[in-house]
Amino acid sequence: MELWFTEDLEIAGGLRHQVRVKRILHQERTDFQELALVETTDLGRMMVLDSVIMLTDLDECSYHEMITHVPLVAHGGAERVLVIGAGDGGAVREIVKHSAVKEIHLVELDRRVVETSLEFLPDISSGYKDPRVQIHYQDGAAWVNDREGWYDLIIVDSTDPIGPGKVLFENPFYTACRKALRQGGILITQAENFFLHRSIIKELLSFTRSLFPIASYYYTAVPTYPGGMIGFTFSSLGRGPLDCLENPGVQDTLASLEHSCRYYNREMHMAAFSLPAFVRKDLGL
Ligand code: SPD
């Protein structure tokens, strides 16, 4: 008999998304959510939180490389980086590729996400070995409130705006992130799918436009998320997302990332900000 995982939450906009499962490796109710790690038949391992797919081996590279390298290359000199959520470690694994980064704070509410990733996803969690990484098991929204003017880059790798992640899609959190950034700082937040969730994206852009001189949106392909793609808000106190690409200094960074990444390169960085006509019109971009 075949076993299928189904993601059919309200937020998926009437879509039902299914993945064939070989076996369940781990399942538990943590203090915060339902956590599952499964072996799929065709897509490698998969992490699920509260019935929402967080990652699969197949396509986690496109999500983690684009949520990290786009802002790190755009900034050009980030030293202090904060990652909120993302206890699986995929974002951290990418950030440690940047030698200019001196401190990486990962703030994750749920310790069991980190522990489960270390046990079942050794490649994805491999960045945790880097001495620049500090893990804090706390509420990310509370953490940024106490860190005024501290970070060059804040990456919010949240789940969907349901359950414990809802607060990360609200204006007070964006305001606190803005205050926690240093001059020239950049904020990136997970911002859903432009076919399915435009009202959510519009609201997030309305927050960032009132707080940042530069507010934009970009996206990447993730076939195992409903709709097959997911986007991010890009908000900056300094450089725009593409300003950096002509700088001679960035060529070495791009060459080295091209060597170590499966998805990210200069062309994907540029293409990610090219949006369809209806999206540009609707989001006012
Ligand atoms: N619809 C699911 C969005 C999940 C985004 N975050 C995934 C975490 C991977 N590090």
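## Basis of the model

The model is predicted: local features need pLDDT of at least 70, side-chain atom pairs count only at pLDDT 80 or more, and totals for chains, interfaces and linings use all residues. Residues are numbered from 1 along each chain as its sequence is written, and side-chain values use heavy atoms, with hydrogens and water left out.

## The five-stranded sheet

Five strands make an open sheet in the order E1-E2-E3-E4-E5, and the pairing is antiparallel. Strands here are DSSP runs of E with at least two residues, helices are runs of H or I with at least four, and both are numbered from the N terminus. Two strands pair if DSSP finds at least two bridges between them. Strand E1 (3-7) and strand E5 (52-56) are at the edges; each has a single partner strand, so one side of each lacks a neighbour in the sheet. From one strand to the next, the twist averages 45 degrees.

E1 pairs with strand E2 (residues 17-29) over five bridges, in the antiparallel sense. Thr6 stands opposite Gln18 in E2. Helix H3 (residues 111-120) packs on this sheet and touches E2, strand E3 (34-40) and strand E4 (45-49). Contact means heavy atoms within 4.5 Å. The direction of H3 makes about 110 degrees with that of E2. Such angles run from 0 to 180 degrees between N-to-C directions, with axes fitted to C-alpha atoms, for helices over the stretch in contact.

## The seven-stranded sheet

A second open sheet has the order E8-E7-E6-E9-E10-E12-E11, with mixed pairing. Strand E8 (133-136) and strand E11 (214-221) stand at its edges. Neighbouring strands are turned by 15 degrees against each other on average, direction ignored.

Strand E10 (residues 181-190) and strand E12 (residues 229-236) pair antiparallel over five bridges. Leu187 has Ser235 in E12 as its bridge partner. Helix H5 (residues 171-180) lies across E6, strand E9 (151-157), E10 and E12. H5 runs at about 145 degrees to E10.

## The ligand site

Residues around the ligand (a heavy atom within 4 Å) include Val52, Tyr63, Asp88, Gln190 and Tyr225. A polar side-chain atom of His64 lies 2.7 Å from a ligand nitrogen atom. For Asp157, the distance from a side-chain N or O atom to a ligand nitrogen atom is 2.7 Å. For Asp160, the corresponding distance is 2.9 Å. Taken alone, the ligand exposes 340 Å², and the protein buries 97% of that. Areas come from the Shrake-Rupley method with a 1.4 Å probe.

## A loop residue

Gly76 is in the loop between helix H1 (60-75) and strand E6 (80-85). Gly76 counts as exposed (over 50%), because its relative accessibility is 56%.

Technical notes. Buried means under 20% relative accessible area, exposed over 50%, partly exposed in between (1.4 Å probe, protein chains only). A polar contact is a pair of N or O atoms within 3.5 Å; within protein, one must be able to donate a hydrogen and the other to accept it, and residues adjacent in sequence count only if both atoms are side-chain atoms.
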